[in-house]
Amino acid sequence: MSIASANTNLRVPAGFRNLLEGLAREVLREQPTDVVAFAAQYFQKLLEQREAGAIDPVAWGAMLED
């Protein structure tokens, strides 16, 4: 399946860059053997923290990017 290329401007959602930088920093620090499982656990932990009333990492990252 091929998709014709087009002049499409994609925007990175606010906070996304900061979120991925946080994941990359933790992967480099921990050096997990299974990066995908580590990423799933990392994002699950962030989700649980957000639902518990902690600061939303995406909202925080968006504030930092502005």
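What follows is a working chat about a predicted model and its helices.

Biologist: What are the ground rules for this model?
Modeller: It's a predicted model, where local features need pLDDT of at least 70 and side-chain atom pairs count only at pLDDT 80 or more, while totals for chains, interfaces and linings use all residues. Residues are numbered from 1 along each chain as its sequence is written, and side-chain values use heavy atoms, with hydrogens and water left out.

Biologist: OK, how many helices and strands are there in the protein?
Modeller: Three helices and zero strands, with helices (H or I, at least four residues) and strands (E, at least two) taken as DSSP runs numbered from the N terminus. From that end the elements run α-α-α.

Biologist: Which residues does the RIIa annotation cover?
Modeller: Residues 14-51, according to the unreviewed UniProt entry; such annotations may be inferred rather than shown by experiment. That stretch is 84% helix and 0% strand, and its end C-alpha atoms sit 19 Å apart.

Biologist: At what angle do helix 1 and helix 2 pack?
Modeller: About 125°, with the axes 11 Å apart, for helix 1 (residues 16-30) and helix 2 (residues 35-51). The axes are lines fitted to C-alpha atoms over the stretch in contact, and angles run from 0 to 180 degrees between N-to-C directions. So helix 1 is oblique to helix 2; under 35 degrees is roughly parallel, over 145 roughly antiparallel, 65 to 115 roughly perpendicular, and the rest oblique.

Biologist: Which residues meet there?
Modeller: From helix 1, L19, G22, L23, E26, V27 and E30; from helix 2, V35, F38, A39, Y42, F43 and L46. Contact means heavy atoms within 4.5 Å. By class you get nine nonpolar, one polar and two charged residues. Nonpolar covers Ala, Val, Leu, Ile, Met, Phe, Trp, Tyr, Cys and Pro, charged covers Asp, Glu, Lys and Arg, and the others, Gly among them, are polar.

Biologist: Switching topic, where is Q31 found?
Modeller: In the loop between helix 1 and helix 2. Most residues other than glycine have a negative phi.

Biologist: Is Q31 buried or exposed?
Modeller: Exposed, at 55% relative accessible area. Buried is under 20%, exposed over 50%, and partly exposed in between, using a 1.4 Å probe on protein chains only.
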